[in-house]
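Come along and look with me.

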There are 2 protein chains.
Amino acid sequence: MKAILVSIGDELLIGQTINTNASWLGQQLSRLGISISKVLTISDDKDEILKTFKSTLSEAELVIVTGGLGPTKDDITKHTLCTFFDTELEINPQVLAHVKSFFEKRNRPMLEVNIQQAALPKKCTVLFNEQGTAPGMWFNENGKVLISLPGVPYEMKGIFNKEIVPRLSELFPLKELYYKTILTQGIGESYLADHMSEWENEIRAEGLGLAYLPSPGMVKLRISSSNGKIDDSKIENYFQRLTARFPQHVYGREEETLSEVVGRILHAKNSTVGTIESCTGGGLANSFVQIAGSSNYFKGGLLTYSNELKNKLALVPNALIANFGAVSQEVVESMALNGRKVLEVDYAVSVSGIAGPDGGTEEKPVGTVWIAVADQNGVISKCFHLGDQRERNLQMSVLSALNFLRCRLLEINLEKK
Amino acid sequence: MKAILVSIGDELLIGQTINTNASWLGQQLSRLGISISKVLTISDDKDEILKTFKSTLSEAELVIVTGGLGPTKDDITKHTLCTFFDTELEINPQVLAHVKSFFEKRNRPMLEVNIQQAALPKKCTVLFNEQGTAPGMWFNENGKVLISLPGVPYEMKGIFNKEIVPRLSELFPLKELYYKTILTQGIGESYLADHMSEWENEIRAEGLGLAYLPSPGMVKLRISSSNGKIDDSKIENYFQRLTARFPQHVYGREEETLSEVVGRILHAKNSTVGTIESCTGGGLANSFVQIAGSSNYFKGGLLTYSNELKNKLALVPNALIANFGAVSQEVVESMALNGRKVLEVDYAVSVSGIAGPDGGTEEKPVGTVWIAVADQNGVISKCFHLGDQRERNLQMSVLSALNFLRCRLLEINLEKK
């Protein structure tokens, strides 16, 4: 059972939009045991679309197409589907009623272009779109399935979960997961690979595959099985061994984010947290707030971007800033210790660093970031040496701070290196 | 001159990694006047890679391949390139010296796998990688160019800018931009399209194309030319007319972000800004901090996620919270007015809303967000009704707040609707 994903849209080709739909669908289909052999992005061009429908349906049993179903004139997928499947559009009364109520609810006028969203190819099964006005379409011909979905991510996801998963499960019996992932933070890909090299042979001897997936500050280890089955206890064994070897780096598995992991630990300890941020300017707090239910443990924070506010809000003595600089162990520890009292939280995390591109010196180059965690026992701190790119430094500072807090919460010994 | 992008990696197919490389390369190539006819993502499979090299080189003059050059054992692109171009690997002494110094600088041990990164196909032109250890490779055969680049985004970008752009410019003379973009916030795609419908015909009559690119809270209008030339004054005319019609929604053009636009206005006015955030928990502040040089106008903020901190940090009277609720005009205006004094800034922006999934009531459903801006003249506020999805609500709250501030800074009249 192979699937191909096709994304239609010039905006994808010219890079104005990042193709997150393909990665989301890739995740969902993998979980259902359906392997994706290819992802194709093509232009809003009728001939190109027709050619692609034909070639992909000859290579795969399932083709999922996203994009080109919006209300505006640049969207041509629906007409092209009619040509390809030799059918024509007709107004679907149920969809029309939904479109009408959609605009009524939002107190917005319904326009002629919106009525046309209820016009659908006669030959398809309509996949109802609760979140929007353009429904999905399911075509089944000669034992092959082609599904067309709107490109707006949350509409596409809604239709996929509600209308497509049950139909696919019926057509193709669900299989077990064929990959498992172990997540690490703060360790280099080749350093990790060197320590894993003996295991690699062991893993491969068991018929499993191993891949390293690096992203800024993180390396994911993906263990996969080519025959569609994987023994959970074997993965668990590798997970435990890796955790024992690198307790300060291995933080979770599968799709967990570091802030979810940290949030879960805080919740279990019934502890609260707050942030005192300089260079990350809310990025650390924001990583907590992204998680639903975070108000149980995340209380708030102080964004002390300027030196004046470091003193005024986080009560850092001006002399400390003058003597050691805003990016120093002394200042970051003071931010955490005083901030903890101001915010009245159990754990206070502070960050102060030089994100770049300016502000670096020979002694403290761009990428120098101090992080501290204060709790009832006092304060610990560490200096990180990141790179020379602002965006990356901000992102890695947040991850490093979350992992530093995680280690403190779990009482993992943090040797400096 | 057509180009095809090929991304190699199972992690892309199964959606563990989002393919941002393809969109970035799409942007860069479009700017150089090179049009991308297709983006392909394929598996780490030798046969599949060989087949794809062959088919893409028959369809396009330029093929850019990313991924599969890392130091670990799962990476096979380099060997496959040797097979395809009938050549073999040899150690490149210059690259080896660079790899050695790379590890020395970072005080990390160099491993055997890293030495192998200096082994490169004899037939290629080596594209030096300043940011990492895996260089790019440029193959030129039968008038077609195939370029292979590492998948790590900032390494790929570094090589592209430094090594590829000059070579491409030499091979294919640079052309003018073939698209222009007008950016809007807070207006629906179909509403905008309805108001644009007469212009659409005008635009098309001039031989230009028009596309609407919606993303949460935003619609980009892309005006494009199929013959590679575009008259700037015509676009400027549409931009001016659209701005006059929707001054509160049209905020910029091309690649500008709302926070860049707002930052530029603040900088020009020599004014400072601070944030007082509840539901967005640092997301608004973080959108300022992403911009290099933001410390000139962004001073800091108060993250008053809990009601206690709304009172303690932003000095919101407890009675106000008890009587009107934390998500109310009264509270959000108090946050902005008092926060402005605490932070000692010219403009204070406050946000308080119900992001979901819990916390909604009949009167104030999930998605209700109050935003206020205080300045020397007092305070203005507005209630936004967003959707029922947390992540989307947080994202749209930040954009709405930035645009609300932008309108205030430019003294654009904000009729409530």
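This is a predicted model: local features need pLDDT of at least 70, side-chain atom pairs count only at pLDDT 80 or more; totals for chains, interfaces and linings use all residues.

**A sheet and its helices**

I picked out one pair: Leu5(B) has Ile64(B) as its bridge partner in β3(B).

Next I traced the whole sheet. It is open and mixed in its pairing, with 12 strands in the order β6(A)-β7(A)-β8(A)-β3(A)-β1(A)-β2(A)-β2(B)-β1(B)-β3(B)-β8(B)-β7(B)-β6(B). At its edges I noted β6 (125-127) of chain A and β6 (125-127) of chain B, each pairing on one side only. Ignoring direction, neighbouring strands of this sheet are turned against each other by 15 degrees on average.

Then I looked at what packs on the sheet. Helix α2 (residues 20-31) of chain A touches β1 (2-8), β2 (35-42) and β3 (62-66) of chain A, and its direction makes about 160 degrees with that of β1(A). Helix α3 (residues 46-59) of chain A also packs there, and its contacts include β2 (35-42) of chain B.

I turned to α3 of chain B. Which of its residues are buried? I listed Glu48(B), Ile49(B), Thr52(B), Phe53(B), Thr56(B) and Leu57(B). Seen down the axis of α3(B), the buried residues fall within an arc of 150 degrees, so they line one face of the helix. On the face turned away from that buried side I found the exposed residues Asp47(B), Lys51(B), Lys54(B) and Ser58(B). Last, I checked the cover over the buried residues of α3(B): it includes β2 of chain A, along with β1, β2, β3, α4 (77-85) and β8 (144-149) of chain B.

Methods. Residues are numbered from 1 along each chain as its sequence is written. Chains are lettered from A and ligands numbered from 1 in the order in which they are written. Side-chain values use heavy atoms; hydrogens and water are left out. Two strands pair if DSSP finds at least two bridges between them. Helices (H or I, at least four residues) and strands (E, at least two) are DSSP runs, numbered from the N terminus. Axes are lines fitted to C-alpha atoms, for helices over the stretch in contact, and angles run from 0 to 180 degrees between N-to-C directions. Contact means heavy atoms within 4.5 Å. Buried means under 20% relative accessible area, exposed over 50%, partly exposed in between (1.4 Å probe, protein chains only). The arc is that of the directions from the helix axis to the C-beta atoms.
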